Amino acid sequence: MRQFSYRRVTEVRDALTLVAGHDDAHYLGGGTNLIDLMKNGVETPGRLVDVRRLPLDGVRPTPDGGLLIGATTTNSDAAADPEVRRRYPALSQAVLAGASGQLRNMATVGGNLLQRTRCGYFADLSQPCNKRTPGSGCAAITGAHHNHAVLDWTGHCVATHPSDMAVPLAAFDAVVRYETLEGPGEIPLTDFYLPVGDRPDRETALPPGALITAVVLPPSTTARRSCYRKVRERASYAFATVSVAVALDVEDGFVRDVRIALGGVASRPWRARSAEEVLRDAPATAGRFREAAEAELAAAEPLRDNAYKVTLAVNLIEAVLTELSGKKGER
Ligand code: SF4
């Protein structure tokens, strides 16, 4: 049993102060990922700062007509919020597609963004893993990688990001707000996760010691007609093989606005900007939807055993665009 200290805080400043200057300190939210990783020795914090009782929970409108979701809001509460369901349905659907009811009752929005990959080698201390132990190698590249990345990977790591929630957040141009002892800051979700590069252990652009305080969704009429679709290996609960969040606004047969992001294909939620570019102001036809999906996956570099993900992603994007284009929605 490895010793660690535990402190529960009720003020943001106390949380920041307790973590400042302690490289081995961790914020603890719902603990649905961190505690598992502590049990198997992947995470070994010397200090846990429990942030669940900080006054950061709840969903509320922002002055510009967007929505703010506090960092300690549980996944269950975020998914069930009437405004999230009405104005950003893909976000509610994505959260409900993740984990089980019990886990969603514990897990927090802030913690969801910081969860670690579910690559099996990452959690296996007997295997080389650059994300867990920089410079040790990557067992997945030649090992079991049928559920690993097809886009944006490097020879240092081919893992995917596991969050469902982060996929529609990327599509909707959400912003992550955080606090530090020097003051507040914010990062667009699409810049929040760092490219793999040669240091896959460095995952986010958060400054050292920063505490996520909220996720902010900008106002969007297009988001009201959005959908999250997830393909996974079993129906009960599992991480995405491939998932897609799409928001689509069609007027007089032409695409007026479109947002697309993919999950399960890269080390971060993947904003499908090439597909969006093909679709913008284009006829909303099955042929154009297919062309857009293929444009996005043109850059894919599948590993030995995961080329099926490329076909799956193309089909999924096309199917969800087709479904949404036939829907009448609220403006
Ligand atoms: Fe580790 Fe990444 Fe390789 Fe998995 S894919 S073994 S997380 S370096």
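Visitor: Take Asp257 to start: is Asp257 buried or exposed?

Guide: A word on the source comes before that: this is a predicted model. Burial is read from relative accessible area, with under 20% counted as buried and over 50% as exposed. Asp257 has a relative accessible area of 16%, so Asp257 is buried.

Visitor: In which strand is Asp257 placed, and with which residues is Asp257 in contact, leaving aside its neighbours within four places in sequence?

Guide: Asp257 sits in strand β11, residues 254-263. Beyond its neighbours within four places in sequence, Asp257 is in contact with Thr222, Ala247, Leu248, Asp249 and Arg280. The side chain of Asp257 also makes a polar contact with the side chain of Arg259, at 3.1 Å.

Visitor: Now salt bridges. How many does a search of the whole structure find?

Guide: The search finds 23. One of them joins the side chains of Glu43 and Arg116, at 2.9 Å from N to O. Glu43 belongs to the loop between α2 (34-39) and β3 (47-50), and Arg116 to the loop between α7 (109-114) and α8, so this pair ties together parts that are 73 residues apart in sequence.

Visitor: Are Glu43 and Arg116 buried or exposed?

Guide: Both are buried. For Arg116 the relative accessible area is 14%.

Visitor: Which glutamate forms a salt bridge with Arg116 at 3.1 Å between the closest N and O atoms?

Guide: That is Glu203. This pair links distant parts of the chain, 87 residues apart: Glu203 lies in the loop between α9 (189-192) and β8, and Arg116 in the loop between α7 and α8. Glu203 has 19% relative accessibility and therefore counts as buried.

Visitor: Let us turn to sheets. What is the general idea?

Guide: Strands of a sheet pair through backbone hydrogen bonds, either parallel or antiparallel. In this structure, five strands form an open sheet in the order β4-β5-β8-β6-β7, with antiparallel pairing. β4 and β7 (183-188) are at the edges, each with a single partner strand, so one side of each has no neighbour in the sheet. On average, neighbouring strands of this sheet are turned by 25 degrees against each other, direction ignored.

Visitor: How many bridges are there between β4 and β5?

Guide: Strand β4 (residues 59-61) and β5 pair over three bridges, in the antiparallel sense. Arg60 has Leu68 as its bridge partner in β5. The two strands form a hairpin with five residues between them, and Gly65 in the turn has a positive phi of about 100 degrees.

Visitor: And which residues mark the pairing with β8?

Guide: β5 pairs with strand β8 (residues 211-217) over four bridges, again antiparallel, and Gly70 stands opposite Ala214 in β8. Strand β6 (residues 175-180) is joined to β8 by five bridges, and the bridge partner of Tyr178 in β8 is Ile212.

Visitor: How should I read the two faces of strand β5?

Guide: In a regular strand the side chains alternate between the two faces of the sheet. In β5 (residues 67-70) both faces are covered, with Leu67 and Ile69 buried on one side and Leu68 and Gly70 buried on the other.

Visitor: Which residues of the largest nonpolar core touch the most other members?

Guide: The general idea is that in soluble globular proteins, nonpolar side chains tend to be buried together. Here the largest core has 38 residues, and those that touch the most other members are Leu91, Leu113, Leu169, Phe172, Leu189, Phe192 and Leu217. Helix α8 (residues 166-171) gives the most to this core, with five residues. Apart from this core lies another, of 30 residues, including Trp270, Ala292, Ile317 and Leu321.

Visitor: With which residues is Leu217 in contact, leaving aside its neighbours within four places in sequence?

Guide: They are Gly66, Leu67, Ile69, Tyr88, Leu91, Leu169, Phe172 and Ala174. As for helix α5 (residues 89-96), six of its eight residues are buried, with Leu91 and Val95 among them.

How values were computed:
Residues are numbered from 1 along each chain as its sequence is written. This is a predicted model: local features need pLDDT of at least 70, side-chain atom pairs count only at pLDDT 80 or more; totals for chains, interfaces and linings use all residues. Side-chain values use heavy atoms; hydrogens and water are left out. A nonpolar core is a set of buried Ala, Val, Leu, Ile, Met, Phe, Trp, Tyr and Cys residues joined through side-chain atoms within 4.5 Å. Buried means under 20% relative accessible area, exposed over 50%, partly exposed in between (1.4 Å probe, protein chains only). Contact means heavy atoms within 4.5 Å. Two strands pair if DSSP finds at least two bridges between them. A salt bridge is a side-chain nitrogen of Lys or Arg within 4 Å of a carboxyl oxygen of Asp or Glu. A polar contact is a pair of N or O atoms within 3.5 Å; within protein, one must be able to donate a hydrogen and the other to accept it, and residues adjacent in sequence count only if both atoms are side-chain atoms. Axes are lines fitted to C-alpha atoms, for helices over the stretch in contact, and angles run from 0 to 180 degrees between N-to-C directions.
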